[in-house]
Amino acid sequence: MASQQYMLYLGSYAKAEQAGIYAFHFASPSGQLTPRWSFAGIVNPSFIALHANKRWLFAVSEMSLHSDGRSGEVWALDLAEQGTESQPHEINHQPSNGDWPCHLTIDASGRWILVSNYQSGNISVFPILTNGALGTLAENVQHSGHGPNPERQEGPHTHSTIFTPDQRFVVVADLGSDQLVIYTFDTTNGKLSEHGRVHCPPASGPRHMAFHPTGQQFYVSFELNNTVTVYNYDAIQGTFNARQTLSTLPPDAHENTAADIHLTPNGSLLYVSNRGNESLAIYTITTGGLLELLAIVPCGGLCPRNFAFDPTGHFVLVANQHSDELTVWPLLNSSSEPGQPPAQIAIPGASCVRFG
């Protein structure tokens, strides 16, 4: 079988003078990684998003006024090679209008980017201009409320956003108030208007979300109670109804926080990462989009903050933040453990994986 090459980008926690964003060539079916470049100059580019044109890369700068002396930022980079250089070039950056920006989502038109400011509990919307630059702030929505966990839910904490498959709505996971807040999105001016709310179990802490390829099922990882919930999505009404909740942990697990969630490219499996148990919970998608636990396997490191599947659907690449590494695992096809990783690369503070 001929080898296929894909671009892979990695965000991390880093000081401004350190490399924080990395690029690799990923080879399939071997699973091998070849470093291409690294980029310094951004404080904590812990989450990245690639534009559909594959030329513009956006990154948060996860900072807060209290801990860093300035609030967060969002950066735009141009990946196009110029002359003999292969390094990306900064286009511009903007204040994120909040503290600890931790997530980015680009709409289907490629004209708008949404920023989740975790610590300050707000969503910011910026236009993406025709040259890839970030325009001035178009919208800010401040959440309110809190949850029963006094250490983690003293106020709102917007952790991620996702567009519904029809692009009519934006769903915001608010870990601090145990809510999924649904907004309509005006693609003309970037404005958000509240449409509805889903009240989640107390102290559950919704973190990340994923739609099934059919668009009919919606999956949410809950950080604080270590569960995953299946919702039915009614595209006409723009509503979500919970159908099933399962644990992400084995019965004997100790302290843990569930993190990332993704479906395999063919929609047959759902993965959720566990930080503390240092594992990946793997579920088979059954009739009607419900889940059946297939296995809980080691992630190959410490604190699997984020992961991604390669475009061929053969591998899962895990950013293990606290053991400072990116690990490549073959996808699990049965309840047995997946064997040895074909590649593992040291990346300080590895936190976000994106294929180009």
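Me: How many cavities of 30 Å³ or more does the count come to?

Reply: This is a predicted model, in which local features need pLDDT of at least 70 and side-chain atom pairs count only at pLDDT 80 or more, while totals for chains, interfaces and linings use all residues. Residues are numbered from 1 along each chain as its sequence is written, and side-chain values use heavy atoms, with hydrogens and water left out. On a 1 Å grid over the protein atoms alone, a cavity is a set of points where a 1.4 Å probe fits but cannot get out; points are joined across faces, edges and corners, and a volume is the space filled by probe spheres set on the points. For cavities of 30 Å³ or more, the count is two.

Me: Which strands each supply at least two residues of the lining of the largest cavity?

Reply: The largest cavity has a volume of about 70 Å³. Its lining residues, which have an atom within 4 Å of a point, include Arg207, His208, Arg305 and Asn306. A strand is a DSSP run of E with at least two residues, numbered from the N terminus. At least two lining residues each come from strand 16 (206-211) and strand 24 (304-309).

Me: Which residue of strand 21 is the bridge partner of Ile261?

Reply: Four strands form an open antiparallel sheet in the order 20-21-22-23, with strand 20 (257-263) and strand 23 (291-298) at the edges. Two strands pair if DSSP finds at least two bridges between them, and strand 20 pairs with strand 21 (residues 269-275) over five bridges. In strand 21, the partner of Ile261 is Val272.

Me: Which residue in strand 27 stands opposite Glu325?

Reply: Strand 26 (residues 325-330) and strand 27 run antiparallel and are joined by four bridges. Strand 27 (residues 343-346) has a covered face, Ala343 and Ile345, and an uncovered one, Gln344 and Ala346. Opposite Glu325 stands Ala346.

Terms used: 1 Å grid on protein atoms, 1.4 Å probe; cavity = no way out; pocket = protein on both sides within 12 Å on 5 of 7 lines; lining within 4 Å. Buried < 20%, exposed > 50% of the residue type's maximum accessible area, 1.4 Å probe, protein only.
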